[in-house]
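Trainee: I would like to learn how to read the features of a protein model. Please take them one at a time.

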Amino acid sequence: MLEIKNLVTSYGLIKALKGISLTAKSGEITCILGPNGAGKTTLMFTVAGILKPDQGTIEHNGENITGLSAPNILKTGLALVPENRLVFPTMTVRDNLDAGAFLRPSSDKKSVEEDIEKMFTQFPVLKQRSSQTAGTLSGGEQQMLAIARALMSRPKLLLMDEPSVGLAPKIVDEIFEIIQNLKDQDLSILLVEQNAAKALKIADHFYLLDQGNVAFSGSPAEVESDDILKKAYLGSDAA
């Protein structure tokens with residue numbers, strides 16, 4: 001379980017997060033909605049240790065991880081799939097997967113190889129492209145690689161920042177199917193996503209961020225019953 005309490009994160013004098021509190025339960029998909037500039041990516045970067053909070057606490061499975069470095073947070077079982085994928089473009093697909101396991105001990109080499117084969121089974125297109133440089137992959141293939149690279153650290157909680165952004169509708173369907181499959185494998189997921197209609201089909205709980213604050217917290221049914229959220233995220237024709 002991830003517990004965030006009164007989290008404040010700033011860029012200089014500008015507070016991007018203004019005392020956010022939320023919970024992401026184990027074995028569930030918790031979805032974060034919000035307009036551009038609401039603080040969604042700042043939240044993910046703070047949880048992942050890329051940004052340091054000014055105040056507040058972050059606990060993962062009872063362990064206080066507030067302010068830890070990104071590598072140390074990764075060691076606790078949290079892995080980030082960043083927005084826009086950010087694969088290593090000049091490295092091969094296989095080398096990207098190896099990079100995802102960089103904090104695992106050298107004695108773990110055999111199991112790392114076994115996990116790479118698992119990734120190739122779970123994402124067959126990556127096996128076909130294993131010796132291809134990541135920068136030459138399609139957007140959807142890069143997204144699959146970014147997910148597989150994060151999974152190589154064997155996380156307990158996966159942070160996913162806008163995994164469907166910039167992808168064709170058919171590929172978006174594939175990405176959401178992958179996310180559902182990961183949940184079925186008992187992986188907990190904190191998901192930032194603009195495609196609320198898709199997220200409603202798989203998420204267990206929703207939070208809405210607005211100007212650095214939590215403006216809404218509720219179940220998928222409560223999202224669908226809220227007229228303002230329906231118009232903003234499910235389309236103006238939602239009834």
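Mentor: Start with contact, which means heavy atoms within 4.5 Å. Leaving aside its neighbours within four places in sequence, Leu158 is in contact with Ala79, Val81, Ala150, Leu151, Leu182, Leu187, Ser188, Ile189 and Leu190. Keep in mind that this is a predicted model, where local features need pLDDT of at least 70 and side-chain atom pairs count only at pLDDT 80 or more, while totals for chains, interfaces and linings use all residues. Residues are numbered from 1 along each chain as its sequence is written, and side-chain values use heavy atoms, with hydrogens and water left out.

Trainee: Which residues touch the most other members of the largest nonpolar core?

Mentor: First, the terms. Buried means under 20% relative accessible area, exposed over 50%, and partly exposed in between, using a 1.4 Å probe and protein chains only. A nonpolar core is a set of buried Ala, Val, Leu, Ile, Met, Phe, Trp, Tyr and Cys residues joined through side-chain atoms within 4.5 Å. Here the largest such core has 50 residues, and Phe123, Leu158 and Ile179 touch the most other members. Helix 6, residues 139–151, supplies the largest share of this core, seven residues. Another core lies apart from it, with 23 residues, including Leu17 and Ile58.

Trainee: How are helices and strands assigned?

Mentor: They are DSSP runs numbered from the N terminus: helices are H or I with at least four residues, strands are E with at least two. Ser153, for example, sits in the loop between helix 6 and strand 7 (157–161).

Trainee: Is Ser153 buried or exposed?

Mentor: Ser153 has 18% relative accessibility, so it counts as buried. Not counting residues up to four places away in sequence, Ser153 touches Leu74, Ala79 and Gly100. A polar atom of its side chain lies 2.8 Å from the backbone oxygen of Ala150.

Trainee: Which residues other than glycine have a positive phi?

Mentor: Leu86 is one of them, with phi near 55 degrees. Leu86 is placed in the loop between strand 6 (78–81) and helix 3, and it is exposed because its relative accessible area is 52%. Gln211 also has a positive phi, about 50 degrees. Gln211 is in the loop between strand 9 (205–210) and strand 10 (213–218), and at 56% relative accessibility it counts as exposed.

Trainee: How many salt bridges does a search of the whole structure find?

Mentor: Side chains of opposite charge can pair when their charged atoms come close. A salt bridge is a side-chain nitrogen of Lys or Arg within 4 Å of a carboxyl oxygen of Asp or Glu. The search finds eight. In one of them, Arg104 pairs with Asp108, with the closest N and O atoms 2.9 Å apart; Arg104 and Asp108 are buried.

Trainee: Which parts of the chain does the pair of Asp115 and Arg154 link?

Mentor: Asp115 and Arg154 meet in a salt bridge at 2.8 Å, N to O. The pair links distant parts of the chain, 39 residues apart: Asp115 is in helix 4 (residues 109–122), Arg154 in the loop between helix 6 and strand 7. Asp115, at 6% relative accessibility, counts as buried, whereas Arg154, with a relative accessible area of 45%, is partly exposed.

Trainee: What distance separates the closest N and O atoms of Lys183 and Asp204?

Mentor: In that salt bridge they are 3.0 Å apart. Lys183 lies in helix 7 (residues 169–184) and Asp204 in the loop between helix 8 (196–199) and strand 9, so the pair ties together parts 21 residues apart in sequence.

Definitions and conventions. A polar contact is a pair of N or O atoms within 3.5 Å; within protein, one must be able to donate a hydrogen and the other to accept it, and residues adjacent in sequence count only if both atoms are side-chain atoms.
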